[in-house]
Amino acid sequence: MNAPKPRLVVGISGSSAPQLGITLLRALAESRSVETHLVISHGARRCIRLETGSSVEEVAALADVVHHPADLAAAISSGSFRTLGMAVVPCSARTLAAVATGYGDNLLARAADVTLKERRPLVLAVRETPLNLIHIRNMETVTLAGATVLPPVPAFYHRPRTIDDLLRQTAGKILDQFGIDHHLFARWHTPEEDR
């Protein structure tokens, strides 16, 4: 009998750039190394329709299990449901505020709160700019509580040629936080090694 796959919770909140979460889900679906549990906020559903060429149903099909954002009885709302942790990609300023205050009025915020209370990795790809002092203080609060704030800041050492290259680099940085192997971007190495 095969051992069950480890589980990873993925949240997509209603910030611009749902492509970040979609790229992460595609990478996880391709790797088949974890069982993905997805929650898409109401705001994210609208962003997906407005900003991508995909439907919410097409995005949901990338996950192994999909949970409704209003279902506070879902498995991922309980600490007894074991996971590797959770990534919120992208993480809106509203979701950041909910996590910082422990205000779990929807499944995405509740699952993030559970992840923190169980001392599991929580990665928040906060996508907002410019930042005001409230955002900065909320990022400090979640960091002190154990989360990792991982804004989707593009890097160029891997010489990206497309937007997909930039999206894959962010997805790879998120997977690194959970120790999940990937080949989404070329890692930095000493330039002299090319000679």
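Here a cavity is a set of grid points where a 1.4 Å probe fits but cannot get out. The model discussed below is predicted.

Q: How many cavities of 30 Å³ or more does the count come to?
A: A space counts as a cavity if the probe fits but cannot get out. The volume must also be 30 Å³ or more. By this rule the count is 1.

Q: How many residues of the lining of the largest cavity are charged?
A: Val 9, Ile 76 and Phe 81 are among the lining residues, and so is Arg 120. Arg counts as charged. The lining divides into 5 nonpolar and 3 polar residues, and the charged count is 1.

Q: Which helix gives the most to the lining of the largest pocket?
A: This pocket holds about 320 Å³ of space. Helix 2, helix 4 and helix 5 each supply at least two lining residues. The top contribution is 3 residues, and it comes from helix 4.

Q: How many polar residues are in the lining of the largest pocket?
A: The pocket is lined by 16 residues, and Ser 41, Thr 95 and Asn 106 are among those nearest its centre. By class, 6 are nonpolar and 2 are charged. The polar count is 8.

Q: Leaving aside neighbours within four places in sequence, which residues is Leu 28 in contact with?
A: Contact needs heavy atoms within 4.5 Å. With close sequence neighbours left aside, the contacts of Leu 28 are Leu 8, Val 10, Ser 33, Val 34, Thr 36, Leu 175 and Ile 180.

Q: Are the residues of strand 5 mostly buried or exposed?
A: Leu 122, Leu 124 and Val 126 point one way, while Val 123 and Ala 125 point the other way. Buried means under 20% relative accessible area. In strand 5, 5 of 5 residues are buried.

Q: Which residue in strand 5 stands opposite Cys 91?
A: Strand 4 and strand 5 pair in the parallel sense over 4 bridges. Strand 5 also runs parallel to strand 6, joined by 2 bridges, and there Val 123 stands opposite Thr 148. The residue opposite Cys 91 is Val 126.

Notes:
Residues are numbered from 1 along each chain as its sequence is written. This is a predicted model: local features need pLDDT of at least 70, side-chain atom pairs count only at pLDDT 80 or more; totals for chains, interfaces and linings use all residues. Side-chain values use heavy atoms; hydrogens and water are left out. On a 1 Å grid over the protein atoms alone, a cavity is a set of points where a 1.4 Å probe fits but cannot get out, and a pocket is an open set with protein on both sides within 12 Å along at least five of seven lines; lining residues have an atom within 4 Å of a point. Grid points are joined across faces, edges and corners, and a volume is the space filled by probe spheres set on the points. Buried means under 20% relative accessible area, exposed over 50%, partly exposed in between (1.4 Å probe, protein chains only). Two strands pair if DSSP finds at least two bridges between them.
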